[in-house]
Amino acid sequence: MHPESLVRDHTIYACVMGSRAFGLATDTSDTDRRGVFLAPTPLFWRFDKPPTHIEGPAEEQFSWELERFCELALRANPNILECLHSPLVEHIDDTGRELLALRGAFLSRQVHETFTRYALSQRKKLEADIRLHGAPRWKHAMHLLRLLMSARDTLRTGTLTIDVGDQRDPLLSVKRGELPWPEVESWMTRLATETDEAATHTPLPAEPDRRRVEDFLIGVRRASALQPDPYDELVQGVVRTRGVRQD
């Protein structure tokens, strides 16, 4: 089965991410699309397995196979968890709705480690830009601040909300380079400290609910296995088109 067919015919959830989902879009913002597709179970019975992810077919579009998506979400991957909480859903079916109903099962105290580790790596890149070019990439600085806010608030409340709300204007001023770097750096340090403090009394569990997610995945795979094999359907279609006898 062609990768594009998996995205076109088997997507269970698709959303818009990036600045548009974060409430930080401007007239020049791209539209980043992310999705989850469910590869038919019979495809896993063959030597050539379906892909774990697919880039495209549209520009700025990226999709994950459901199992890979769940694996990354259970590891508290920031990009994956935020994808589950996008306010801009473009497509969803019944399986996609089941996936979204599991959003809480993926959240755990691991958010503290993964979000702050990613933020630290991005901060080091910004500091390298300053050493090499005399200034950071301000757009990246804005998104780093946003990520730290997201981590802090998730740990405080136990709920992940990706729209920045009333922080839009302050963050966009960073993107425009209107704040001096020492002030932005101080803001980052303060947010990191607040995130660490929130982690000490977060309502989130220590670990995600892996069993609940696994039960969902098994049920989805089992239901898919009862559907016609897409490869057999393709072969039968070719046979009928060519008029070849099947006996």
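Author: Buried means under 20% relative accessible area, exposed means over 50%, and partly exposed lies in between (1.4 Å probe, protein chains only). Your model is predicted: local features need pLDDT of at least 70, side-chain atom pairs count only at pLDDT 80 or more, and totals for chains, interfaces and linings use all residues. Residues are numbered from 1 along each chain as its sequence is written, and side-chain values use heavy atoms, leaving out hydrogens and water.

Reader: Is C70 buried or exposed, then?

Author: C70 has a relative accessibility of 3%, so it counts as buried. For the chain, buried residues make up 44% of the 247 residues.

Reader: Now for the overall layout. How many helices and strands are there in the chain?

Author: Helices (H or I, at least four residues) and strands (E, at least two) are DSSP runs, numbered from the N terminus. This chain has twelve helices and five strands. Its C-alpha trace spans about 80 × 40 × 30 Å along the principal axes.

Reader: How do I read a sheet? What is the order of the strands in it?

Author: Start with pairing: two strands pair if DSSP finds at least two bridges between them. Here the five strands make an open sheet in the order 3-4-2-1-5, with mixed pairing. At the edges sit strand 3 (53-55) and strand 5, each of which pairs on one side only. From one strand to the next, the twist averages 15°.

Reader: Let me zoom in on strand 1. Which residues of strand 2 are the bridge partners of T11 and V16?

Author: Strand 1 (residues 11-17) and strand 2 (residues 32-37) run antiparallel and are joined by six bridges. T11 is partnered with F37, and V16 with R33. Towards strand 5 (residues 89-92), strand 1 has three bridges, again antiparallel; there Y13 stands opposite I92. Strand 1 is also mostly covered, with seven of its seven residues buried.

Reader: Which strands does helix 1 lie across?

Author: For this we need contact, meaning heavy atoms within 4.5 Å. We also need axes, which are lines fitted to C-alpha atoms (for helices, over the stretch in contact), with angles from 0 to 180 degrees between N-to-C directions. Helix 1 (residues 3-10) lies across strand 1, strand 2, strand 3 and strand 4 (61-65), at about 90° to strand 1. Helix 3 (residues 66-74) lies across strand 1, strand 2 and strand 4, at about 90° to strand 4.

Reader: How about contacts of a single residue? What does T95 touch?

Author: T95 belongs to helix 5 (residues 94-101). Leaving aside residues up to four places away in sequence, T95 touches I12, F216 and V220. With 17% relative accessibility, T95 counts as buried. Across the chain, of the contacts between residues at least 6 apart in sequence, 75% join residues at least 24 apart.

Reader: Which residues of helix 9 are buried?

Author: In helix 9 (residues 168-175) they are L171, L172, S173 and V174. These buried residues pack against helix 8 (138-157) and helix 10 (181-199). Just after helix 9, G177 has a positive phi of about 75°.

Reader: How many disulfides are there?

Author: A disulfide is a covalent bond between the sulfur atoms of two cysteines. The rule used here asks for a pair of cysteine sulfur atoms within 2.5 Å, and the count comes to zero. For C70, the nearest cysteine sulfur is that of C83, 11 Å away.

Reader: Last topic: aromatic rings. How are the rings of F62 and W64 arranged?

Author: A pair of aromatic rings is described by the distance of the centres and the angle of the planes. Rings of Phe, Tyr and Trp (its six-membered ring) pair if their centres lie within 6.5 Å; planes under 30 degrees apart are stacked, over 60 edge-to-face, and the rest tilted. The structure holds three aromatic pairs. F62 and W64 form one that is edge-to-face, with 5.1 Å between centres and 65° between planes. F62 is partly exposed at 21% relative accessibility, whereas W64 is buried at 11%. Together with F69, F62 and W64 form one aromatic cluster.
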